[in-house]
Amino acid sequence: MNVTTTVVTVIAALMSGFSGYALLSRQVWVVQPLEQYGVPKGWWNPLGAAKAAGALGLLIGLAVEPLGLAAGIGLVAYYSGAVVTVLRARAWGHVAFPMVYAAPVVAALVLAS
């Protein structure tokens with residue numbers, strides 16, 4: 001594994017981990033849009049935990065490649081669902097946010113292949 005792959009993977013993990021933490025700690029700038037999109041509050045903890053687990057999986061994947069691949073695929077699926085959720089809510093100006101978090105995950109997957 002080269003330095004670029006490692007750096008991009010760590011950035012992806014930090015961003016997803018931060019996003020999971022922000023949701024789990026109920027940061028206003030995260031939960032207000034979720035309420036606007038109609039995401040049930042009962043889903044917030046599992047969604048935050050999924051992002052945190054994906055971030056941890058990316059980091060572990062630096063040593064155990066299949067786990068990193070699985071985590072990356074899971075996070076891409078997560079952020080794809082987030083884009084769909086934003087689009088369904090017709091919050092056009094917010095579509096870029098989940099894409100910003102997905103981009104380094106996609107880059108890490110591409111670099112690792």
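Which residues does Ser16 touch, not counting residues up to four places away in sequence? In this predicted model, local features need pLDDT of at least 70 and side-chain atom pairs count only at pLDDT 80 or more, whereas totals for chains, interfaces and linings use all residues. Residues are numbered from 1 along each chain as its sequence is written, and side-chain values use heavy atoms, with hydrogens and water left out.

Ser16 lies in helix H1; helices are DSSP runs (H or I, at least four residues) numbered from the N terminus. Beyond its sequence neighbours up to four places away, Ser16 touches Lys51, Ala55, Leu75, Tyr79 and Val105, contact being heavy atoms within 4.5 Å. Ser16 counts as buried because its relative accessibility is 0% (buried means under 20% relative accessible area, with a 1.4 Å probe and protein chains only).

Helices H3 (residues 44-60) and H4 (residues 65-88) pack at an angle of about 145 degrees, and their axes are 7 Å apart. Axes are lines fitted to C-alpha atoms over the stretch in contact, and angles run from 0 to 180 degrees between N-to-C directions. Residues of H3 in this contact include Lys51 and Ala55, and those of H4 include Leu75 and Tyr79. The residues of the contact divide into ten nonpolar, four polar and one charged. Here Ala, Val, Leu, Ile, Met, Phe, Trp, Tyr, Cys and Pro count as nonpolar, Asp, Glu, Lys and Arg as charged, and the others, Gly among them, as polar.

H4 also gives the most to the lining of the largest pocket, with six residues. The residues of that lining divide into 16 nonpolar, five polar and one charged. A pocket is an open set of points on a 1 Å grid over the protein atoms alone, where a 1.4 Å probe fits, with protein on both sides within 12 Å along at least five of seven lines; lining residues have an atom within 4 Å of a point.

Key. Helices (H or I, at least four residues) and strands (E, at least two) are DSSP runs, numbered from the N terminus. Buried means under 20% relative accessible area, exposed over 50%, partly exposed in between (1.4 Å probe, protein chains only).
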